[in-house]
Amino acid sequence: MPIIHQLIEIATEPGINIHNITPQIKDLIAQTSIKNGQVLVFSRHTTTALAINEYEVRLLEDIKVFFAKLAPASDRYLHNDLHLRDVPEDEPMNAHSHLLAMMLSTSEVIPIVDGELALGTWQSVLFFELDGPRQRTVSVQISGE
């Protein structure tokens, strides 16, 4: 059974932003001969996450508002006591981003059926930037027959 590994590069914007990476995943699958199997999508950063949900503009705004209530950037966090840690000069105060990432997931596994992602009608693979702007990478491993 072949296993193919690729990376998706994402240049993110400041703060929290949500990217639909479904088209990139579909393109990677189309470049293979795999018709039935699965794709593992893995976020390679501690302040990013993945989820499968609807990619709809108003819902995306609702998610951002929910995140701001769940872990406000302005709250006091021990991780943000940078003077007590050995960190680079440009270290951000991003404890809220780490906490939000822990509430989501670092990976998703999606079946491939007849060469297509077996997502539901409104489902998309969403990449969550929780501490942008940054250059990010998502690992994609496609396996099957």
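Helices here are DSSP runs of H or I with at least four residues, and strands are runs of E with at least two, numbered from the N terminus. By that rule K26 is found in helix α1. The model is a predicted one.

**Overall make-up**

The chain has three helices and eight strands. Read from the N terminus, the order of elements is β-β-α-β-β-α-α-β-β-β-β. Along the principal axes, the C-alpha atoms fill a box of roughly 55 × 35 × 20 Å. Of the 145 residues, 40% count as buried. The accessible surface comes to about 8,500 Å², and carbon and sulfur atoms hold 53% of that area. Among contacts with a separation of 6 or more, 84% join residues 24 or more positions apart. The chain carries 10 positive and 19 negative side chains, and the centres of these two sets lie 2 Å apart.

**The sheet**

Strands of a sheet pair through backbone hydrogen bonds, in either a parallel or an antiparallel sense. In this model, an open sheet of five strands runs in the order β1-β8-β3-β5-β6, with antiparallel pairing. Strand β1 (3–11) and strand β6 stand at the edges with a single partner strand each, so one side of each has no neighbour in the sheet.

Strand β3 (residues 37–43) pairs with β5 in the antiparallel sense over six bridges. One of the residue pairs here is L40 with V109, the latter in β5. On β5 (residues 107–113) the side chains alternate between two faces.

V113 stands opposite E116 in β6. The hairpin of β5 and β6 has two residues between the strands, and D114 in this hairpin takes a positive phi.

In strand β8 lies S143. With a relative accessible area of 12%, S143 is under the 20% cut-off and therefore counts as buried. Leaving out residues up to four places away in sequence, S143 touches M1, P2, I3, I34, N36, G37 and Q38.

**The helices**

Helix α1 spans residues 22–30, and its buried residues are T22, I25, L28 and I29. Seen down the axis of α1, these buried residues fall within an arc of 125 degrees, so they line one face of the helix. An α-helix has 3.6 residues a turn, so residues three or four places apart point the same way. K26 of the same helix α1 counts as partly exposed because its relative accessibility is 42%, between the cut-offs of 20% and 50%. From K26 to V39 the separation is 13 residues in sequence, and the C-alpha to C-alpha distance is 9.9 Å.

Helix α3 covers residues 95–103, with A95, H96, S97, L100 and A101 buried. The buried residues of α3 pack against β2 (15–20), β4 (48–53), α2 (57–70) and β7.

| Residue | Relative accessibility | Class |
|---|---|---|
| S143 | 12% | buried |
| K26 | 42% | partly exposed |
| D114 | 61% | exposed |

**Backbone details**

Most residues other than glycine have a negative phi, and most peptide bonds are trans. D114 lies in the loop between β5 and β6, and D114 counts as exposed because its relative accessibility is 61%, over the 50% cut-off. The peptide bond from G132 to P133 is cis, with omega near 5 degrees. P133 is found in the loop between β7 (124–132) and β8 (135–144).

How values were computed: Residues are numbered from 1 along each chain as its sequence is written. This is a predicted model: local features need pLDDT of at least 70, side-chain atom pairs count only at pLDDT 80 or more; totals for chains, interfaces and linings use all residues. Side-chain values use heavy atoms; hydrogens and water are left out. Buried means under 20% relative accessible area, exposed over 50%, partly exposed in between (1.4 Å probe, protein chains only). Two strands pair if DSSP finds at least two bridges between them. Contact means heavy atoms within 4.5 Å. Accessible areas come from the Shrake-Rupley method with a 1.4 Å probe; for residues, only the protein chains shown count as cover. Lys and Arg count as positive and Asp and Glu as negative; His and the chain ends are not counted. The place of a charge is taken as NZ of Lys, CZ of Arg, CG of Asp or CD of Glu. The arc is that of the directions from the helix axis to the C-beta atoms.
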